Structure formats: C-alpha cells, structure tokens
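Here are my notes on the model, point by point. Please read them with the structure open.

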Amino acid sequence: MQLDHELETAVFQAIQTAQKAGDLPSFDIPELKIERPREASHGDYASPVALGLARLARMAPLKIAQAIATHMPTLDYLGSVEVAPPGFINFRLAAPWLQQHVNTIIAEGQNYGRIHLGDGKKAQIECVSANPTGPIHIGRTRGGVMGDTLARAMRLAGYETVLEYYYNDAGRQVTMLGESTKLRYLQLLGQDITLEKDHYKGDYIIDIARELLEQHGDTLQEQSAEFFGDYAKERIAQSQKETLRRINIVFDVYYREQSLYETGKVWEALEALQEKGYVYKKDGAQWFKTTEFGDEKDRVLVKSTGEPTYRMPDIAYHWDKAQRGFDLVVDLFGPDHHATAPQVLMGVRALGYPTDFVRTILHQIITIIRDGIEVKMSTRAGTFVALDDVLDEVGADPIRYFMISRSGNSPIDFDLNLALEKSDKNPVYYIQNAHVRCAGIFRKWEEEGLDPDADATADLSLLTHENELAFIRKALELPELVELMVTTFEPHHITFYSYELAAVFHKAYETCRVLHSEVPEPLRLARLRFYRAAKQLFAHVLDLMGMSAPEVM
RNA sequence: GCGCCCUUAGCUCAGUGGAUUAGAGCGUCUGGCUACGAACCAGAAGGUCGGGAGUUCGACUCUCUCAGGGCGUACCA
C-alpha cells in the first residue's frame, strides 16, 4: 500500500464530507498533493492543499485546513491530524500500526514495496547495446546498470519488463572486425601483414585468431573476411554476456541487427518512408527529411555506396518496437547518442507511430580516477578501461552502486581507490554492513542454541524506541521510492534511499540491543522480530540495486 | 556557430512550486567500545543555492537573459 495515495483519497473524502456538512463551500476538488515534510516535527505526511483551495473556497487557508481535519475519515494507520499555520495539514502515523508493520515487512518479503502502477502493462528497457567488436568498456556500463536497476524497479511496480540488448552484428564494423581477425590469423601463420587505420587492434582479436588457428590449423587461409567476422562477433558477444553476468545484468533479449536485414525490415522501413514522401536523393545518397520534424538538417539514410547508415536499421528497430505492443519503451543512451536519439524517433513518427511511449534517457560520461588521477580513455587508441578489469579489481557491488550514485545528468568520477576502500568513506559497505549486523544477531542467537523462530509471536507493541519507529517509517518510503524511480526513470534515488535506510538502522542498532542481558525477554523477542524485518529489507533493497547482501564481511 | 547537460557547504553531490534554520556524504574539530561487528554512533563548525530580471500569495525548483564548465554536432556506430 502507498500511504501517500491512501491519504490523498482520504483528504478528498474529507473535503466532500465537509462540503455536505456545509463547512466548506462547494467547488470542484482539484488534484490533491500529499508530501513528506522535511521537518520531523511536522508529522509523517503533510498536505498544503488548503493553501491552494483558499482562492477557490474564498476562505482563509487555516479555516479550510480545520474543516478538512475535522472531517477526515477514521483510518487505522492514522494517529493524529493537526493543522498548522498558514494552513498545512499534518498527518502522523499511529504507533501501534507502525509496530505491526514489522510483520507486514516480513510477510511481504521480496514483494515489499510492490506498487500497481504498471500492472497489466508491458515495458521494454534497452541499454548497453554495444557493438560486438570488443569487450564491454566501463563507459557502457553506466547505462547497463541504470537500465537493469530500472528494470528491477519496474518489475516491482507491476510492469512485465523485457531487458533488451540491441546487438549491432551487421554493417561496416563487423566487416572491419572480420578483416582484422583474418589479418591477425594470417600474421600468426607468419605472414608479414600490417593492419590498417580502421582495423581493430586490440589484443582480444589476436586471442580469437589464435583460437581459430588451434581449432583449424592453417586451413582457413582461403576463407572470407565474413567467415572470420561471423566467428569473431559470436565469440565476442559470448564474452560480453559473460562480463555482464558478472555484474548481475542478464538480458532477456539480444535483438540482432542482422535479423532486421534477414526479415527485410530495414528495406521495408525505407520503402515506407519513401512512400510517405520523407526521402529524397542527393549526391547519390538517400536523405531523410528530418527537418520536417524540427531537425537542423536532413540526414542520410542510405550512403552513396548503397549501404544504409546506422540510422536506417535503428529506425527499423524502433519501428519494430512500436509494433511489438509495448506500453512503455525506455532507451538508455550514453553521451555519444545524445544527438542521434531524436532522429530515430523522427523516423518512427514518419512511419506513422506516436512516440510518446518511448522515453529516451540520456546519461553523461564517466571518468575513471586511479590514485587521484584521471585515466585517459580512447577507443581508437585502445586505451579504454574494460569492465572485466574493473570487476577483477573491485568486484561488482561497488561498480553497481557508484554507477547509479549520481543523477544521469551528472558526469561521474569513478574512483577505483574509493571503490576498494573498506572504510566509512565507502557507502557500499555502510549499507551492506547493516545487513551484516543483522546477520550477526541471528548467528549469535542460534549459536547460543535458542529457538530460531522464537520471535514469531513477539509482542510488537514493545517497539517503542524512537529509533525503531524511525526505521519503520523509512521502510514505508520504499513504495514511494519505487514510484519515483519508474515515473522519473531515475535510478539514482535508490542509492540515497538505501543509505538513509542504513543510517536510521545503525542508529537503532546502537540504541536498541537484543542479546544484552539487561534486555527483558519480551522486548528481546520483539527486537529480534524487528531485526528480522530489517535484515530482509536490506537484502531486498540491495537486490533491487543488483548487489549482494553478505552475511559477513 | 548550433544542440543537450551542468553551476547548491572546502570537496563530491541530493533536493517532486510550499511552513522560521536549504540537506547528505567526505574532509575539519570535539566526544563515545570489559555491550549482538567502532566497516558504527553522538555533537560542532561550514551556504548571498553562478549573476540579473520576470511569473506567483510563495522560487534552489518555472520563464527569459548573462557568465562559466562538460559533452555532442559524419554518407562512424
């Protein structure tokens, strides 16, 4: 349940009741807003609705607030309703209800925070979509982690969600990949050949060529570059999958660009655009009239060589997305796509589909810092930082956390030293430590031979410490967080939430002991129940971020 | 030149048009372990929210403008 929405409904009812009772004049009730006050003394929820209604009702805001407060329906979770100048209504949750909520958290488990915004809707998230011409590098990882985290939140919000990777296994880059692999193969056979400017020069190509040599000896010399390309791209795609699995990203669909050619979709899309009059020929190329959709100049769809630009299959791909019946499509693009993303949507519109179901989420660059110095990255020079290397160095959890620790609009400095640091400077451990501390309580409990289910019937009304209640209140924000994430498409909020959850947890942990001799038995059981809920919630929230919940660190 | 993004505490950044005192982490300073993990907690100091104008009962938040910074601007993807 989402208390903020429940309260909106309740306030709406209160206004209606007040109007019937003549305490408020009649007017059409506008959209109501329930918010979380910053100041704890202002309650758990507050509504400024009376301020907005002042003009409509032609009454003093304070009087309106008073009338609403008087007519609020009775609700089990609502402790008090107060009116504060200049006209705010403050709601406070009932302590008994909060205490019982501990059992709700335990009962709902991995479903805690579930909202129904996406029930019955199909969503797709596309991210990473790197070319299968080399290892995944750290820059691509940001979009991948953002996309995967969003996918997890969207599933909790009820969306049937497909995480999809658009796999550019066609076109010029695969040709170059094939040529590069063949040249390396021939080099391994002792031929004196040099790679050209556009060839891929990374060592992984040599490894692939060596594989072919080991499997086939020197029998492949007459094989085409296409043969080498087919082998290399499959090989690289496999290793990309493996790399992504290491960071806990598993795609539901790898959509092959090549399939758009095999089914004829690319040319179908081109013909459809031609028929609708959006294509013209100039300088031997075929141009798309993107200026009709507000672009500053028209763009080439088919080069004078007869090959399509990347734009053409991209449009066909998004055309296909439109036809697959998704209610929501999220495209995550890095800084290199900032300019081109809109052009693809212009293509979809030109093909007669609305594009409001597509949300393009852009993110800024990521810089790697080692020992306080920026690690320069250049794809051309082959000096990009491979995700695998960072995984070897710091592991998946810190990468996942730091990749979504900032709004996508901010560039990120990824500090390798900090990611490795197991200290209070590192928020990753601060959060995971909350789970570890809970685990420690249960471990000790069982080591002492005590009944592991002893807390099942604990008297939760004994959880009266303000720090315990503060934790439960923070837990209640999870559904609101999920809603925020899936409506703004901003995954970074969860890192702040998880940190705040850990902060209120550690406060409770410091003040509310369980196994200490001075704690009376009934309270001990209630607190054990409390930490059981906390442990489960941390495991859940860490899982939403794709991170592990360690028992010990 | 044009487009997108950014400018909030010494540093890195949150902040969904609302309530005296704009938040968090790091850093700095002061305290706290014979207590389930101190990888923690308690407290202090630190701000003309880049400048200016406008809309509003009310602006860090919306609009315009100026200044500074990042990224992009292919018949590459």
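1. A word on domains first: their bounds come from an automatic or database domain assignment. The model is a predicted one. For chain A the assignment gives domain 1 (3-93), domain 2 (98-117 + 424-544) and domain 3 (172-246). How far apart do the C-alpha centres of domain 1 and domain 3 lie? The distance is 68 Å.

2. Next, the largest nonpolar core. It holds 125 residues. Ile68, Phe414 and Tyr531 touch the most other members. Helix H20 (residues 521-544) gives the largest share, 12 residues. Domain 1 (3-93) and domain 2 (98-117 + 424-544) both contribute residues, so the core lies between them.

3. Take Ile68 by itself. Which residues does Ile68 contact, leaving aside neighbours within four places in sequence? They are Val11, Ala14, Ile15, Leu24, Val49, Leu53 and Ile89.

4. Now Tyr45, in strand E1 (residues 45-47). Is Tyr45 buried or exposed? Its relative accessibility is 1%; the cut-off for buried is under 20%, so Tyr45 counts as buried.

5. The side chain of Tyr45 makes two polar contacts worth checking on screen. One is with the side chain of Arg36, at 2.8 Å. The other is with the side chain of Glu480, at 2.8 Å. Beyond four places in sequence, the contacts of Tyr45 include Leu3, Asp4 and Leu7, then Ile34, Glu35 and Pro37. Ile89, Asn90, Phe91 and Leu93 are also in contact with Tyr45. For scale, Val390 is 345 residues from Tyr45 in sequence, and the two C-alpha atoms are 43 Å apart.

6. Arg36 comes up again at the second largest pocket. The volume of this pocket is about 890 Å³. Its lining counts 26 residues, and those closest to the centre are Arg36, Pro37, Asp44, Lys474 and Glu477. Arg36 and Pro37 are also contacts of Tyr45.

7. Which elements give two or more residues to the lining of the second largest pocket? They are helix H1 (3-20), helix H17 (466-475), helix H18 (478-488) and helix H19 (493-511). H17 supplies the largest share of that lining, 5 residues.

Definitions and conventions:
Residues are numbered from 1 along each chain as its sequence is written. Chains are lettered from A and ligands numbered from 1 in the order in which they are written. This is a predicted model: local features need pLDDT of at least 70, side-chain atom pairs count only at pLDDT 80 or more; totals for chains, interfaces and linings use all residues. Side-chain values use heavy atoms; hydrogens and water are left out. Helices (H or I, at least four residues) and strands (E, at least two) are DSSP runs, numbered from the N terminus. Buried means under 20% relative accessible area, exposed over 50%, partly exposed in between (1.4 Å probe, protein chains only). Contact means heavy atoms within 4.5 Å. A polar contact is a pair of N or O atoms within 3.5 Å; within protein, one must be able to donate a hydrogen and the other to accept it, and residues adjacent in sequence count only if both atoms are side-chain atoms. A nonpolar core is a set of buried Ala, Val, Leu, Ile, Met, Phe, Trp, Tyr and Cys residues joined through side-chain atoms within 4.5 Å. On a 1 Å grid over the protein atoms alone, a cavity is a set of points where a 1.4 Å probe fits but cannot get out, and a pocket is an open set with protein on both sides within 12 Å along at least five of seven lines; lining residues have an atom within 4 Å of a point. Grid points are joined across faces, edges and corners, and a volume is the space filled by probe spheres set on the points.
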